[in-house]
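Please consider the structure shown below together with its sequence.

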Amino acid sequence: MRTSLKAAALASTLLIAACVSVPSGPSQMSLPGTGKSFDQFRADDYECQQFASSRLGGKTPNEAAADSGVASTLIGAAVGAAAGAAINGGHGAAAGAGVGGATGALIGTGTASASSYELQRRYDDAYLQCMYAKGNKIPVHGGFATQNEPPPRQPQGYYPPPPPPGWRQ
């Protein structure tokens, strides 16, 4: 009975973790730099993807999600088994492992998702740094302003408040 509960909890975690899918490449757009051919851009893109992957130890976001989901399930099953054994002896340990594994699987989906998105963000950062260093165009955040735009106006008619009563210089 105990083995079947653990197997069911592990299987449910793997199924839930499999639902979290993140692209295995960059999620940010880059464009060829000025004067670069498309073949040069493709070579830079390939090299920068390899660079970004090596910066993360070769682990993909999907692998990080699966690892995190399985770890959460196993920890949940262990804590549930310990709590069940403490409360109701041997029979409670099996039930506690099942409940703990199921709870760990649910928590694991959240941690799996967070792990995969954090890894994707770090991958994208390394990829964009590499592409920029190679002279390619990458997205930047900011607004546009023309050179002839006047400076922002100061509010008219604003004066500081008077000093408090009894104040002397």
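A residue is called buried when its relative accessible area is under 20%, exposed when that area is over 50%, and partly exposed in between, using a 1.4 Å probe and protein chains only. The model is a predicted one, in which local features need pLDDT of at least 70 and side-chain atom pairs count only at pLDDT 80 or more, while totals for chains, interfaces and linings use all residues. Residues are numbered from 1 along each chain as its sequence is written, and side-chain values use heavy atoms, with hydrogens and water left out.

The protein chain contains 3 helices and 0 strands, and its elements follow the order α-α-α from the N terminus. Helices (H or I, at least four residues) and strands (E, at least two) are DSSP runs, numbered from the N terminus. Of the 169 residues in the protein chain, 29% are buried. Among contacts (heavy atoms within 4.5 Å) with a separation of 6 or more, 83% join residues 24 or more positions apart.

The structure has 1 disulfide, a term for a pair of cysteine sulfur atoms within 2.5 Å. Cys-48 and Cys-130 form this disulfide, with 2.1 Å between their sulfur atoms. The bond links distant parts of the chain: Cys-48 lies in helix α2 (residues 38-55) and Cys-130 in helix α3 (residues 61-133), 82 residues apart. Because the torsion about the S-S bond of Cys-48 and Cys-130 is about -75 degrees, the disulfide is left-handed. Are these two cysteines, Cys-48 and Cys-130, buried or exposed? Both Cys-48 and Cys-130 are buried.
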